[in-house]
Structure formats: structure tokens, C-alpha cells
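Dear colleague,

Please read them with the model open beside you.

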Amino acid sequence: MKPSAAGHVITCGEAHATALRTPERRITQPPDALRIGISGGIGSGKSAVADVFARRHATVADADQIAREIVAPGSPALHNIAQAFGTDILNADGSLNRPALAQLVFSDPARRTRLEAFTHPRIARESARILASAPPGTFAVYDVPLLVEGGLASTFDVVIMVGAPVQIRVERLVSRGLTADDARERIDSQASEAERRAVSDVWIANTGTVADLNQVVDRLIDDWLTPLLS
């Protein structure tokens, strides 16, 4: 069932999806693919949401995956980055040493902006190519961490934001190998919850189990988004 108004809620266990605005087509018309932006702060679980869409046969462009691919050894982007930040950000095999680069840029906005100048245009081009390949009458999903920071909300029919309390996000990041201080620094470097809510059509509170989240997203697709395809 399509939500009739903002405020409609889907609940599965400890996970919730709330329609902050009624999901609707804003930039495309049937039978075009419905363009969906999925975002959320680091550690929120946005990629887990995108994975459900992928299992449901959506065309998914993963900004983080693209970012890894464009800095493969020998790539022009990696060459630019090494010239800008020094060869200390390279491993012995010529691959990018991500922790070393992160130490340089996450605490320095100017360096982060310089890095983004090398990577963001390439990510944008490849993601646009992938999304354009979505068949008519399907979902074209962009899994992108910096949707708010990049001013991308207006390029999607529906924006889905994933959130979780900061402490939960820190615990998830620590389980991936970051220190708690590094995790908080990365969280603080991104958009605030208020800024994310301001551009969102649907807010998913990812505070339950993976099974809870999967059920919420499946119902979101079936009840709120599939009716928009026709």
C-alpha cells in the first residue's frame, strides 16, 4: 500500500521506515526507471539497504565500490593522488594505502577537498553510466555516502536515508578496525542528522538486527515504491 501522507511508518522488530514526505516521482515518468538515492552516515547501514535492492534486481551504483575501482594500481586517479600527497600513501605493490591516506585527509578539510577533486568527477561519470543502464520500469539506485554534501538530492525521485545512534555507529566502525576516536572523527566530518532529514523522503532507523532491516526494506519496496513504477 502506497503511503497516503508523510508520517506513515513501517516497523519490523527494532527497525523502522518513516515517510518524512510521501514518496513520489519527481524527475522521471513511467516507464522510466525510478531513480532512488540511498545515503546515510558512515556506519549507518546504507549499503545493507542497497543490498536488498540489488537482491530485488534493482540496478545499483555503489559509490564506495566505484571509488575503490578508480584508484586501482596504474590508474590516472591514483597517479594524481600520489603526486598530490606523496608516495607514502602507496603500498609496496603500488596499490593505495587507504589508512595512510585517511590519516592525511580526514583531519584536514583542504586536503580532503583536493582528494575529492581527483575522485568525485570520475565517480560521478561511472555512476551515471550505471544508472542510465537501468531497464524501464525498474529501480535505478545510487548508494552514495555524500548525497547531502554533494547536493544530489534533487537528482532523485526518492531519497532514502539510513540512520542510527552515534554510539551504535561507532561500535560498528570499531568492529571494522577503526579506533573509537577515528570513528567519531569520520562521523563528525559528514552531514548532520538534521541536514539528512531535510532532504529525505524516507528515513530508516537501523537499530535492530539485519533481519529486521531486510524486512523493513522489503516492505518499503513492495508497499511504497513498486506502485510508483507504473
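The axes of helix 1 (residues 46-55) and helix 9 come within 9 Å of one another and cross at roughly 55°, where axes are lines fitted to C-alpha atoms, for helices over the stretch in contact, and angles run from 0 to 180 degrees between N-to-C directions. That angle makes helix 1 oblique to helix 9 (angles under 35 degrees count as roughly parallel, over 145 as roughly antiparallel, 65 to 115 as roughly perpendicular and the rest as oblique). The contact, meaning heavy atoms within 4.5 Å, is made by Ala 48, Val 49, Val 52, Phe 53 and Arg 55 of helix 1 together with Leu 213, Asn 214, Val 217, Asp 218, Ile 221 and Leu 225 of helix 9. By class, the residues of this contact between helix 1 and helix 9 are eight nonpolar, one polar and two charged, with Ala, Val, Leu, Ile, Met, Phe, Trp, Tyr, Cys and Pro counted as nonpolar, Asp, Glu, Lys and Arg as charged, and the others, Gly among them, as polar. Helices (H or I, at least four residues) and strands (E, at least two) are DSSP runs, numbered from the N terminus.

Please bear in mind that this is a predicted model, in which local features need pLDDT of at least 70 and side-chain atom pairs count only at pLDDT 80 or more, whereas totals for chains, interfaces and linings use all residues. Residues are numbered from 1 along each chain as its sequence is written, and side-chain values use heavy atoms, with hydrogens and water left out.

Leu 225, which belongs to helix 9 (residues 210-225), counts as buried at 0% relative accessibility (buried means under 20% relative accessible area, exposed over 50%, partly exposed in between, with a 1.4 Å probe and protein chains only). Leaving aside neighbours within four places in sequence, Leu 225 is in contact with Pro 23, Leu 34, Ile 36, Phe 53, Phe 139, Val 158, Ile 160 and Leu 220.

Not counting residues up to four places away in sequence, Val 71 touches Ala 77, Leu 78, Ile 81, Leu 96 and Arg 98.

Finally, Gly 163 is found in strand 6 and, at 8% relative accessibility, counts as buried. Leaving aside neighbours within four places in sequence, Gly 163 is in contact with Ser 44, Trp 203, Ile 204, Ala 205 and Asn 206. Between Gly 163 and Arg 197, which are 34 residues apart in sequence, the C-alpha to C-alpha distance is 9.5 Å.
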